[in-house]
Amino acid sequence: MTIGQLVRSLPAAAFVLGALARPFTPEDLVQTNRLSGSIAVSPNSASIAYIQAHYSIEEKRQYTQLFVQALTDNHPHRGSSRPVKIIEFSADARPNPPSAHKEDDDEFAGGPKKHLKPSQPVWLSDTSLGFVATDPGTGKSTLYSVRSGKGRWSKPRPVVAMAVPISDLHFSTESGILAFTAEVYNSTDSLVETAKLDYHEKLRADTGQTYDDLWVRHWDTFVSSKVPQIYTLSLKVKDKDHFKPKGEPINVISSANANGRLEASNSFTLSPTGRHIAFVAKYPGHDYAWRTTSHVYLAGVDGSGAGPINPGKGGASSSPAFSGDGTKIAYVQMAATAYEADRNQIKIYDIANNTTTEVAADWDRSPSHVLWSDDDTLLVTYNEWGRNKLAKVDIATGAISPIVSEHSVGSVQQLPGTSKLLIDYSALDSPTDIYTVSIDDGAMSRVSQLNPKLASEVFLSAPEDVTFTGAANSTIHGFLLRPPNFDSQKKYPLAFVIHGGPQSSFTDGWSPRWNLNIFAAAGFVTVALDPQGSTGYGQNFTDAIRNQWGGKPYESLMRSLEQLLEEHPYIDRKRLAALGASYGGYMINWINGHSNVFKALVNHDGMFSTISTYYSTEELYFPETEFEGVPFDEKARENYERWSPERYVKNWKTPTLVVHSEKDYRLVVSEGLSTFTALRRQGVPARLLYFPDENHWVLKPANSLRWHREVLAWITKWTLDDDDSSATPYDSARFRVQGNDE
């Protein structure tokens, strides 16, 4: 290997000599600094504010920090591009921390600033920044402000206190209107009244909850009689950039319908003048669980004139965006009313004429986010061939002009008064950072250095694109990552990773969950493929999994695996491990019933029975679309039974690690317990990893660390080559975990 091959250039990292760095570990992953929430841009585009989260394994503490950073390229006055820490909050991250006196804990030491856990930064002016802190005891939220002057930031000053938690803040410096969401009871619009009802609810002697319709629960919480609503509040300058509220919060959408309460999503935006608001909401009804329909609503910030701009029977709507002059609203909407993976189609609504036009109607991609560049051009993000891309869309012709085509673009917002965008950006071998990008030529400039030492200390494997021929002569795309100090003359075990969804894909972007570099660093050639059902390859390819769950995708994966082994002889055919979550977990169970080529399997929150899953999951539109009906219909029942892994339990032979969590209401914990029971009752080696406090994802840093240690221990144990210990750089004993640790 030459020096040139050792040097790699990443979009978010300096040149590093990869071979001289140590392997990447789960400890590195859970302790990376991460962005939390959205990035706030000052009105003059001179500065940004963002929340950074960090977990310390040694201290067992979670840190939350509010930073402000100057965008020197957009600000003619002097200023440093180094971030300035405004607030830092830390707390014991253990689920049951030992009792301690308040004065002994960091979060109560160091003055008032240490009491505030910052969230949701929002600029109130060019020199004043607002943020929210919520009291964990009372649930009250307070908007604080800090002010910049003479090169220093002031102490936090309360602006307005809310009786309940608030989120998703927006502020218009034009109108002085603050908009936010809050959950309130159906019986009241008042935040104070909701707080009183919450208090009385806690005084109940019983804990019973009753339901007359679906949903009963969603994602990881049981549905209550509270619904998210959008509120506005006028703020005015008191003196020297100090703000105070004027009047009481107004519920914007309570008058939008007479037959129930709209359930607002967090997808809303203020108009350029700050006098109108566009938001997405689901109309109330008994069919929430088996339809996806939602609408874009337009209302005055005082709640006047609230109504849908796209009424009818369409599917899910999202991403409303006002044009620069406020006369039009762009948004995306699906056509199917019960299919969450239908193609998003770009729409533009003319407010004055009450007309809607479709843009780029023939474009076979599904944009997830849309905003305006100018009167003639939209900007969209979309997934394509393993990349989350950014492009311009000509409104008149529908022509697509890519701006960023490599790696993964996350959130996007325009820098006011400039021809630049602010984005968060990452790659499989580079954690997320903040960048500016030119709309005109795509030139990028890095803004943040959230993990400045990572690139120089650890080796991160650069992904290689691979393609194979799958079922129905389809092209199956994916990524391959090689272990550190790779030697093509040696033999390596394989980590064959299968994504969930199933309507999703592996993209060249960083993630704290299922990070492919973790498996590569553990000594595995790591391969992640996008079979039928995956997004980014056209709608027909996405739809091809319907009523084919164990059919075309399984055939494509296994055909691709055989081609992979033929083309890459350094992969040891006798040391193959397959891992998957959600639909990937389903596929692990399906593989166990149909193949014995793998030495180890990992099933995270997978499906055991299609029948039992239908009756226990919350989003019924999903199985009803995938299996073309309900299981109590005779014809559709055949589809459910045909693709149920439970039918093939008698064939299961491969050692399997089963991971499941109590608060997973998408695929309930009994699916994992059933899988484990079926394995152990037949004497198949298996291990159950159970999290009582996680949902469909394992999110808490210490739990994530435990997850990684268990998973790596399992696949290392069953693929270890006793004759060649150098093939696996990790000491498998390091990952032997019994009972509880940490």
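Predicted model: local features only at pLDDT ≥ 70, side-chain atom pairs only at ≥ 80, totals over all residues.

Me: Which strands stand at the edges of the open sheet of 8 strands?
Reply: Start with the order, which runs E36-E37-E39-E38-E40-E41-E42-E43 with mixed pairing. An edge strand has a single partner, so one side of it is left without a neighbour in the sheet.

Me: What angle does the direction of H7 make with that of E40?
Reply: H7 covers residues 552-567 and reaches 22 Å from its first C-alpha to its last, close to the 22 Å expected. It packs on the sheet, touching E36, E37, E38, E39 and E40. Its buried residues include Tyr554, Leu557, Met558, Leu561 and Leu564. As for the direction of H7 against that of E40, the angle is about 145 degrees.

Me: Which helix is among the elements that cover the buried residues of H7?
Reply: Strands take part in that cover, including E36 (464-469) and E40 (571-581). The cover also includes a helix, made of residues 583-594. That helix is H8.

Me: Glu384 and Lys389 meet in a salt bridge; is Lys389 buried or exposed?
Reply: The N to O distance for Glu384 and Lys389 is 2.9 Å. Buried means under 20% relative accessible area, and Glu384 passes with 17%. Lys389 has 13% relative accessibility, so it counts as buried.

Me: How many residues apart are Glu710 and Arg687?
Reply: The side chains of Glu710 and Arg687 meet in a salt bridge at 2.8 Å, N to O. Glu710 is buried at 4%, whereas Arg687 is partly exposed at 25%. The pair links distant parts of the chain, with Glu710 in helix H13 and Arg687 in strand E43, and the separation is 23 residues.

Me: How far apart are the closest N and O atoms of Asp92 and Arg94?
Reply: Side chains of opposite charge can pair when their charged atoms come close. Asp92 is partly exposed at 22% relative accessibility, and Arg94 is partly exposed at 32%. Asp92 forms a salt bridge with Arg94, and the closest N and O atoms are apart by 2.7 Å.

Terms used: Residues numbered from 1 in each chain as written. Heavy atoms only, no water. Helix = DSSP H or I, 4+ residues; strand = E, 2+ residues; numbered from the N terminus. Expected span 1.5 Å × (residues − 1). Buried < 20%, exposed > 50% of the residue type's maximum accessible area, 1.4 Å probe, protein only. Contact = heavy atoms within 4.5 Å. Salt bridge = Lys/Arg side-chain N within 4 Å of Asp/Glu carboxyl O. Pairing = 2+ DSSP bridges. Axes fitted to C-alpha atoms, helices over the stretch in contact; angles between N-to-C directions.
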